[in-house]
Each structure stands twice: as structure tokens, then as C-alpha cells.
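Please look at the sequence and the structure first, and then read on.

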Amino acid sequence: QVQLVESGGGSVQPGGSLRLSCAASGSIRGIWDMGWYRQTPGKQRELVATVSDQATTYYADFVQGRFTISRDFAKNTLYLQMNSLKPEDTAVYYCNAIVNRVINYWGQGIQVTVSS
């Protein structure tokens, strides 16, 4: 019932910035929490940041102070502003939405590459 489409990924040099967007459509009213996760080959998918329906945010320690998650309820869009990017931030980033507290929806994933 919820579709998530990420955009804004790409390649950037260390220290650079990117802004990821996640456009949600479908049963928008059913969405509670939304978040960003990332995954690299051979590694578990890890939480990057979340934002609740009350706009409460949470950040993983490794992005604290560098990334900012935000949610535009009017545009049904989730954002992740990524500053001071490091090579270790290279991963596929996934948009996530929790519907009615129990059902997870995922975007298709978008590549972020940080290299010289």
C-alpha cells in the first residue's frame, strides 16, 4: 500500500555532500516511522537515521553531527542531508517506512559512492 522511491544518490568526493530524497505514495496516512538504512556487500544492513510521525529523530553514532534526517509531511517526502561524507559512507541506501507499527516497506535502494 506504500511505495517508496529514492533519488539523489551518486558519486561525491570525500568531504562533499549529497541529499537523498524518498518520495512516498499510496496509503500515506498509515505511515508511522520512516528512516534510512544502508548496506554494503558482506555486511548487515544498518540503521542510519529515523524520524517518527511526531518528527522525533534518531541517528546512528557514525553519522551523528554529519547527517540530518527530515520529513516533509506536505510533500510526503523523506530526506537525508549528508555532509562531510567519508569513503566508509559508501553503500546502498534504503528508505524505510513502518505502517501501522507492524509492516515494513522498503525503497529500491540508491547507491552512494564516496571516493577520490
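Two residues are said to be in contact when they have heavy atoms within 4.5 Å. The model described here is a predicted one.

## The nonpolar core

The largest nonpolar core has 30 residues, and those that touch the most other members are Met-34, Trp-36, Leu-80, Met-82 and Tyr-93. At least two residues of this core come from each of strand E1 (2–7), E3, strand E4 (31–39), strand E5 (46–51), strand E7 (67–72), strand E8 (77–82), strand E9 (91–99) and strand E11 (110–114). The greatest contribution is that of E9, which gives five residues.

Leu-80, when its neighbours within four places in sequence are left aside, is in contact with Leu-18, Arg-19, Leu-20, Trp-36, Val-48, Phe-67, Thr-68, Ile-69 and Tyr-93.

## Ser-21 in strand E3

Ser-21 belongs to strand E3, which covers residues 18–26. Because its relative accessible area is 17%, and buried means under 20%, Ser-21 counts as buried. Not counting residues up to four places away in sequence, Ser-21 touches Val-5, Glu-6, Ser-7, Trp-36, Thr-77, Leu-78 and Tyr-79.

## Trp-106 in strand E10

Trp-106 is found in strand E10, made up of residues 103–106, and with a relative accessible area of 35% Trp-106 is partly exposed. Residues up to four places away in sequence again not being counted, Trp-106 touches Leu-4, Tyr-37, Arg-45, Tyr-94, Cys-95 and Asn-96.

Between the C-alpha atoms of Trp-106 and Met-34 the separation is 9.9 Å, although these residues are 72 residues apart along the chain.

Terms used
Residues numbered from 1 in each chain as written. Predicted model: local features only at pLDDT ≥ 70, side-chain atom pairs only at ≥ 80, totals over all residues. Heavy atoms only, no water. Helix = DSSP H or I, 4+ residues; strand = E, 2+ residues; numbered from the N terminus. Buried < 20%, exposed > 50% of the residue type's maximum accessible area, 1.4 Å probe, protein only. Core = buried A, V, L, I, M, F, W, Y, C linked by side-chain atoms within 4.5 Å.
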